[in-house]
Amino acid sequence: MTIVLPALVLVLFASGLFLIQRHTVVKVLFGIVLIGNAANLLVFSSAGMRLAAPPILEGKDYAMPPGASDPVAQALVLTAIVISFALTVLALALARRLSQSMGDDDLDKIDEEAEL
Amino acid sequence: MTWLPVLPVVVPLAMAVFMALTTRFGSEHRVKGIIGGLLHATVSTLLFATVAHQGTIETRLGSFPRPFTIFFEATPASAGLVALMSWVVTAALVVATATMDRPRLRRGFHSIAQVVLAAASGALLSGDLFNLFVWFELMLTASFVLVTLGSTPAQLASGFKYLLISLMASVFFLCACGLAYGWYGNLDLAKIAELQSSFSGPGPNMIGGLALVALAIKSAMFPMYAWLPDAYTAPPPGIAALLAAVSTKVAAFALLRIGTALFPPAGGLWFDILVWAGAATTIAGALAAIAINDVRRRLAFLLASQMGTVLVAIGLQSASVVVLLIAHEMVAMAGLFFAVAALGRTGSSPVARLAVGGGFLVCALAVAGIPPTSGFVAKFAFVQAGLLAENPLAVGAVLLSSLLSLFALLQAWQSTAHESEKSGAKLGWTVPAVCAATAALTLAGGLLAGPAVSGLKETVQGEVLR
């Protein structure tokens, strides 16, 4: 597992970077989504990957059970997934509106037209 | 009073929801929007007064222990910036309401503006790295909507570019958060500052480098500022004024806090990069501003140039100067944007014309750092800090860019004088009044600076640079 996750992060980052250099709006967005997921995996792996007990806090002092997995990294990645989901939806809506009003989905051409 | 730091976030969010719920067909929410701004201004001024009196207030939501809670920390510096930002944004709301077309107001400008206000306050007051990230994202999401509000082709194209580059920056910031948690086992900026000496290795450089790239994009550092002129020129000037007072400033303050948390006060490569990149930004921005004819685009480049000065100050590790510069720029640049919003429609009354023109001139002098404006005080403190840090080249770069900015602004002054003669739409009294008030605030910042600056040096140096 210690090799698989970093390798996955690397592959996702690389393919995302490749995609955001394309011209088509949708490909660029797919690239952003891949990179976002790579970052989420990176955050997720920051607490270390191992088999552990569920992190349920008990008692008045919120003591963690021994050998529990780290709940903070999971909470962080949950938040990050929600944020990237919302931003992806916003970006898709914006991309649709953009290519509708320009009649084109090539980012370079859109740039030229917007300057005019 | 531990709930006080939450109010600047909760009040505008509640206001945004209230406006969204009470929307009927054709609602413009003019009054509600401005009342929302005033409410936020009141609450955040109250917070600042309390913090200035009692010292830092920490709030842990739900009273959970520290790593598991949403953590707010109102220091005198952050609370002061929230209060000032709140008044500037309220002024921008007034200008936007007076100058914006009805369809844009009907599409929910005011409730989105409240979200920007809430999220920016959250980002300034947040005490931990991940909450900072979340508030930042929320602020950016709302500002994408503001940039594209109205959906003209230019707005959509520049908004999409802004969105893409901000998403990339956010990914870097998120990676920095993840690595910081993996390295320190903690996201609390104060805690990380305590831990920094007990860890050695590549961690701080990795985290700091990622955070630097992310926040450099968001605070418009050269050469990553290409998004800024488009994003601040395409939407109506009221929206540009609002955004100019918020997003880049919040990014610069975050950069200051992250840098001081990660690295020892002895300095190092991270701070050196900021000094030189900041100096390049301030020169490049001012030169670009001179080369460009469009007044609003010129202001956008000047904004980037001003941010360069802040970045140099962060690199010089002078927290009080950074806060002073951010505060001064927030007001002065907003004043310029307000005056430009009034351009082309300076109507009948000579008093109104005088207020707009005078406001522009005073704020232009402030941006160039000429007494008796707040710009002089900020630049003076900056030069002092730069010479203390024995970095005369960076100081020279900033002073040169001040001269170039003055030249660019006086040129703009001449060209706008012609533009205001071919006026079309009428202008009420509100925008000139706001211009005059902003100019008065800038002047007051220059004239009454003594006690404010000494107070700032005492509190900020201690609070931010733990």
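This is a predicted model: local features need pLDDT of at least 70, side-chain atom pairs count only at pLDDT 80 or more; totals for chains, interfaces and linings use all residues.
Residues are numbered from 1 along each chain as its sequence is written, chains are lettered from A and ligands numbered from 1 in the order in which they are written, and side-chain values use heavy atoms, without hydrogens and water.

I then checked the strands (DSSP runs of E, at least two residues; helices are runs of H or I, at least four, and both are numbered from the N terminus). S1(B) and S2(B), residues 71-74, pair in the antiparallel sense over four bridges; pairing requires at least two DSSP bridges. In S1(B), residues 57-60, Ile57(B) and Thr59(B) form the covered face, while Glu58(B) and Arg60(B) form the uncovered one. In a regular strand, side chains alternate between the two faces of the sheet.

Thr248(B) counts as buried because its relative accessibility is 0% (buried is under 20% relative accessible area, exposed over 50%, partly exposed in between, with a 1.4 Å probe and protein chains only). Leaving aside neighbours within four places in sequence, I listed the contacts of Thr248(B), among them Lys218(B), Trp227(B), Tyr232(B) and Met307(B); contact means heavy atoms within 4.5 Å.
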